[in-house]
Amino acid sequence: MQPSRWLPVGVALALAVVLAPASLAQADPASPTVCTATPSPDHRSEVAPSCVAADVTLDRLPAVGGSATLRIRLRSQLPVDAARLAVRLSPNLRLTTGAGLSAPRTVGLDQVAEQTFALSTRGRTLSLRVTAVAAGPAQIQADLTDAARPDAERAAHATTVFTVGDRAGGSHAGIVGTDGAAVAVDSARPVGNGTALALAPASTSAALAGQICAKGTFTFSNPAGTWLAGRNVPVAVTGKSTSSASTVTYASGLTGTDGKYNLCFTSPVTQMYAVQVKFTSDSALWRVTNNAGSTAYTVTTATKSNVPAGDQDFGTTSPASTQMRGWHAFDTVNLLWGIRASGTNCWTARETSNCSRVTVHWQPGSTDGTYFSPSGKYVALMDADPDSEHLVLHETGHHFMDLLYAGWWPPSDCPSPHYLHKRSGASCAWTEGFANAVAGFAKGDGMFYWPNGAFIDLMSTTPFDSSQPASRTNIEDGDQVECRVAGALIDLWRQVDGGPAGTFSNMRQYRSSSFREEFNDDRPLTGLSTSAAARDLVYTHTIDYRTAPPGGAPANGGFESGTASWTITGGVVTNATTYPAQAGSWYARMGGNGSTNTDTLSQSFAVPNGATATLTYYLRVVTLETEPTVYDTLKVQVVDGTTTTTLATWSNTNPSGGYVARTVDLGGYRGRTVTLKFVSVEDASLRTDFLVDSLTVTTT
């Protein structure tokens, strides 16, 4: 991105927007109705590139009572007939409207002015006047959306943050620190954002003799200006017993699911010199910090002086405007906590104490996002990202998957950019589809919303119309499409599994690199249904697992999940280092006793209904027999009903220095459920080991 050339005072401020190519400002007015925006240079970002762009500049940083010229530059690669611009200012700034903008209206603590107009590929620049009326953190935002097609690819968000000084020359770019003074909010305003699981019982008791009980409500506003309860927020009552005493924390706890708190302590003196209440976005289970991850956000109420014993009402408290989104993100994580189904007080059943925490990095004006860092173990959100609770849940859903898989991730095959409605890769669709399913299920709407209000219905079952381009309403088909995987998971959780607990438990025990592997191989290992009804349900989302998958049966064919899915006699499945596995570390070791013995290994599965069906397995034979006579044997059999057929026989006369790929034809059993069986038989002396690994069935 090239810096703006219009900077008389040299003030360049952060932009939270994925910009289209710099050349778009000179685009031909007759440009096409589709664009080829460049993706974010940050390969981690999950933000789709935009066809429109915006930036915000000031000619100076105003101090209290001072004014500055605000310029908003808008650009587009394609004509937008109904471009909607919203300009949002923190409460310590005033906007002198012009250029067709509406009179500002109050939204939460902020002021918002709007205008809708036609935006050509020549772009447009607006010049406005801004006056600072109070010292402190300030933010100016410009949001551009195509009102007729509010796609994420047709939206831009630009912002600048600075600190207003109380005298000329005292203002500076950026906001220093994460501490904020509380903003008193009218307690008559509605507070309500559904239910959440309480992390601690709320106290409603009145102060006992000699006690001081601090009570009140913590609230924040969403982008629409609706006031919501700050749930499970860490809160502490601090104070000084005398003017010379140190500040001490006298009581601490969490707000309730209604945002209320009531914390009591025995006063050490007849009258406390000072008492205040402090809220922190840092709990034992999740936290929201600045981008460096070093500091959580805090809000501290005004101090009460000369406080006697009794109930002390601190009223309804809100964060400052510039911190509001961080607190919104903190509250949203409650929804993920509510569905975790771990059975413990931690995120997964792997932990019962000293729980891992979900960490979110965010700060006003941030352009670092939107992604989860597996190496850093944190979610990075850009400035406006918390406006979408679905997006916060999606990214923290990645964090949750990381906890379930204990830090393991399948190899990434995500293209850059990748889209919910388009084919990507099998692993990409699984990891992204899971995160989308977590968001749609936790929100209860089966949807995904972007910060600008664009959305996609994850539960859409309409097949792709190949005569039309892929879009949010024309979704491509199959298990390499994030949206299809998400919808299938949500339907399984709603209609088959009784919620996501079974999937989360399964993921904690088994690792999957694709939805196909998760459904066909891993679900059965923990008793989750893969019945015909479950497969039919998945098929409504255009994912066809109605027969066993090509190259997928039998389940656990590499034995990496131990004996799961197999029926055995003897300790034939092992990860002993006596011999190496053909792949991984587990394999089946049959025979090897040097005495009369029979071992069996079997599994029932549906043979794929293709034109052909071939079982491939890897076999190594190691023997102490030296004569060219058959003494020890391994038979490969298929049991179909009451009929047992031997398809191959190996013996001590077939030794090999390593594993050899062997095949048998299962074409005669296509579309039927049969039992594959390996049977080893040894005589009384000189052992023979039959090592079996990496079984797959392929079709054409």
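Predicted model: local features only at pLDDT ≥ 70, side-chain atom pairs only at ≥ 80, totals over all residues.

Colleague: Thanks! How many disulfides does a search of the whole structure find?

Modeller: A disulfide is a covalent bond between the sulfur atoms of two cysteines. The working rule here is a pair of cysteine sulfur atoms within 2.5 Å. Searching the whole structure gives 3 disulfides. In one of them, the sulfur atoms of Cys-414 and Cys-428 are 2.0 Å apart.

Colleague: Where do Cys-414 and Cys-428 lie?

Modeller: Helices (H or I, at least four residues) and strands (E, at least two) are DSSP runs, numbered from the N terminus. Cys-414 lies in the loop between α2 (389-404) and α3 (426-443), while Cys-428 is in helix α3, so the pair ties together parts that are 14 residues apart in sequence. Cys-428 is buried, at 1% relative accessibility.

Colleague: Which handedness does the disulfide of Cys-414 and Cys-428 have, and why?

Modeller: Look at the torsion about the S-S bond: for Cys-414 and Cys-428 this is about 100°, so the disulfide is right-handed. For Cys-346 and Cys-355, whose sulfur atoms are 1.9 Å apart, the torsion is about -65°, so that disulfide is left-handed. Cys-346 is buried, with 0% relative accessibility.

Colleague: And what do Cys-213 and Cys-264 form?

Modeller: Cys-213 and Cys-264 form a disulfide with sulfur atoms 1.8 Å apart. Cys-213 sits in strand β13 (residues 211-221) and Cys-264 in strand β17 (residues 260-266), so this pair ties together parts that are 51 residues apart in sequence. Cys-213 is buried at 0% relative accessible area, whereas Cys-264 is partly exposed at 25%.

Colleague: Now a helix. Why is helix α1 described as largely enclosed by the rest of the structure?

Modeller: Count the buried residues. In helix α1 (residues 324-339), 15 of the 16 residues are buried, so the rest of the structure largely encloses this helix. After α1 comes Ala-341, with a positive phi near 55°.

Colleague: Which residues does Arg-287 touch?

Modeller: Contact means heavy atoms within 4.5 Å. Leaving out residues up to four places away in sequence, Arg-287 touches several residues, among them Ser-281, Asp-282, Phe-330 and Arg-357. Arg-287 lies in strand β19 (residues 286-289) and is buried, with a relative accessible area of 13%.

Colleague: Last topic, sheets! What order do the strands of the open sheet of 5 strands have?

Modeller: Two strands pair if DSSP finds at least two bridges between them. The order is β28-β31-β36-β33-β34, with antiparallel pairing. At the edges are β28 (567-569) and β34 (643-651), each pairing on one side only. Strand β31 (residues 597-606) and strand β36 (residues 673-682) pair over 10 bridges in the antiparallel sense.

Conventions. Residues numbered from 1 in each chain as written. Heavy atoms only, no water. Buried < 20%, exposed > 50% of the residue type's maximum accessible area, 1.4 Å probe, protein only.
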